[in-house]
Every structure is written in structure tokens, then in C-alpha cells.
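Please open the structure in a viewer and keep the selection tool at hand.

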Amino acid sequence: MKIKSAEQPFLNIVSEESCNPTYVLITPARNEETFIEQTIKSVVRQTVLPVKWVIVSDGSTDGTDDIVKRYVAQHTWIEFVRMPERTERHFGGKVNAFNAGYSKVKNLHFDIIGSLDADISFESDYFSFLMSKFAENPMLGVGGTPFREGGQQYDYRFTNIEHVSGACQLFRRQCFEEIGGYVPIKGGGIDWTAVTTARMKGWQTRTFPERICEHHRAIGTGQSTLLSSRFRFGIQDYYLGGHPIWEVFRSLYQMKSKPYVVGGLLLLSGYFWASLKRVERPIPRELVKFRRDEQMQRLRHFLSNILKL
């Protein structure tokens, strides 16, 4: 693992960004007419606006495009891009849409690039707060906040505060380019892969619980029921390299949330089904090892704290 030193080009980053980091946003949106206007209104009222915000309609067939176009006509810094319709819905398509947006901003001057979902909302100082965190810490490669969904959010006693939710992920430009952007994994996990690769390469990643965003669609249920999504998450945990011991404890923890007990059992079943089927892992072995080392370190720390009680 490469450890970044303060002697590296971070000195230049500090002098350039310490006052006012600039940022761009990219939002892939597919059939988001129900929620996207809340997201647009949240960005428009920010105290610190982006240099550019590219909203990419990923073959939407509902009223998403019309909603976005109304705001494009009012704000020159918002740009609309339309992708062709496609029959499949998968996360690889989301990466293709993001990359279409990235092509519109890559030649602009900015310090931070953000991937923003089209179904979230937040307060007017949201990005001002996050920009201040990047300005304070030149080693911060990826930053974001927790999300709240249905009145609930992760308990950070048990959730890794170094993971940054894909609802809104902000990358230092140098970090984003170093990890090679998002990997188009059809089954999902593109956000996790980006954040964890950044840490593996020596960058710091952090969720800042002082702010929060509201997530208006239940994660992982865009095409599936809650039960089937739990099984699918188990499969995803396997192909993204999760340690089997960690998965057992994760499944036990999930049993306390709806659907009670069954959700945790389905998560574990999905993991071991994928293991028996030897589902192909779309990430490099070094990333699998890095993830497992992190998981076991966190598990040892958690169990040692339990034993002290």
C-alpha cells in the first residue's frame, strides 16, 4: 500500500484549495421524475454553487428530461445530456452515463468532482461544508455525509466512517484521476470500489456526520423487493471480496432491522450461494486483500470493546 507523504504535491493543493475549492457535479438520472426536482432545488439554493452541474438522462422514458430542461433554461451552469434508451437497467450503465457527464467537465478548472444521485435533498450549506473539509485536509481524497432514509440512518458505532455513500461522493480531482474513475460493475458496488481503491492508494476517505442528506428511494430496491435486495447484497458482498467471518457478523447485525431476522438470513444466503457458484469477482486481488484486512481489523477492534464491557 502506498502511503502519501506531506512532501508530495499536496503542498500545491493546500495553497490552491485552502480558501475556496471549486467543484463540479455529475448526476446520472434514469426515470427520476418523482424525486429529481427535490435534488435540483437543493443544488440551486446552495450558498456555494458548482462551476458546472451536468445532469445525464440515462435513457429516461418518463418526465425526467422535461423537469431538467426547465431548470437548464434558468441556470447557465446546469447542462443536460441525453443518453440513448436501453432495455437493461444495471450499474454499468450508470457509469457510462457518469462518463458522458465527465466528458463535459474534464477540461474545466475545478478542484473537486462529485457524483450526486437524483433522488436526494439537503440543506443550503451542504456543499459549502464539504468544501471546507477538503480545504482543511489535503490528504482527503473522498468525502461525503450520511444519508437518512425513511427516518433511519446508519449507526456509526457499527458502520465504517471511512466509507462514503454513493448518494453523494465528492472526490479530490487528483484522487479521482489516480483511481481511474468508476469501474462499470453491472451488479453494483461501483461506489464502494471507488472509495476503497482510494484508501488502498493512500488517500483518506471520510463521512462527516455533522451534515446529512435525505434519500428518498430505498437503496437497492429500484428493481427489486426488499427481500430480494438482501439476497442480492449478499452476492455483492461476496464478489466484492468480503471476508466470510465478517459476513456472518454483518448478517447477525442486519437481523435487527426490517425484515427482521429474514433479511440477515437472506444476506448470508446470498453470500454463500455466490461462494458455491464461484461468482466472478470484478475487482483485483489486491483490493480483495485490502478489504479483508480492513474488515478483520475493525472486527477485532469491535470485539475487544465488547469484551471490556
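Predicted model: local features only at pLDDT ≥ 70, side-chain atom pairs only at ≥ 80, totals over all residues.

How do the residues of the lining of the second largest pocket divide into nonpolar, polar and charged? The lining comprises 6 nonpolar, 3 polar and 3 charged residues.

**First stop: the pocket.** Select E162, R199, W203, Q204 and T205, which lie nearest the centre of the second largest pocket. In total, 12 residues line this pocket, and its volume is about 160 Å³. Next, select strand β9, residues 204–207. This strand gives the most to the lining, with 3 residues.

**Second stop: a pair of helices.** Select helix α8 (residues 226–239) together with helix α9 (residues 244–254). Their axes are 12 Å apart, and the two helices pack at an angle of about 160 degrees. Since angles over 145 degrees count as roughly antiparallel, α8 and α9 are therefore roughly antiparallel to each other. Their crossing is right-handed. To display the contact, select R230, F233, G234 and D237 on α8, and then E247, R250 and Q254 on α9. By class, this contact has 4 charged, 2 polar and 1 nonpolar residues.

Proceed to the loop between α9 and α10 (262–277), where P259 is placed. The peptide bond joining K258 and P259 is cis, with omega at about -5 degrees. Finally, select V261, which lies in the loop between α9 and α10. Although V261 is not a glycine, its phi is positive, at about 65 degrees.

Technical notes: Residues numbered from 1 in each chain as written. Heavy atoms only, no water. 1 Å grid on protein atoms, 1.4 Å probe; cavity = no way out; pocket = protein on both sides within 12 Å on 5 of 7 lines; lining within 4 Å. Points joined across faces, edges and corners; volume = space filled by probe spheres on them. Helix = DSSP H or I, 4+ residues; strand = E, 2+ residues; numbered from the N terminus. Nonpolar A, V, L, I, M, F, W, Y, C, P; charged D, E, K, R; others polar. Axes fitted to C-alpha atoms, helices over the stretch in contact; angles between N-to-C directions. Parallel < 35°, antiparallel > 145°, perpendicular 65-115°, else oblique. Left-handed = near helix turned anticlockwise from the far one by under 90°. Contact = heavy atoms within 4.5 Å.
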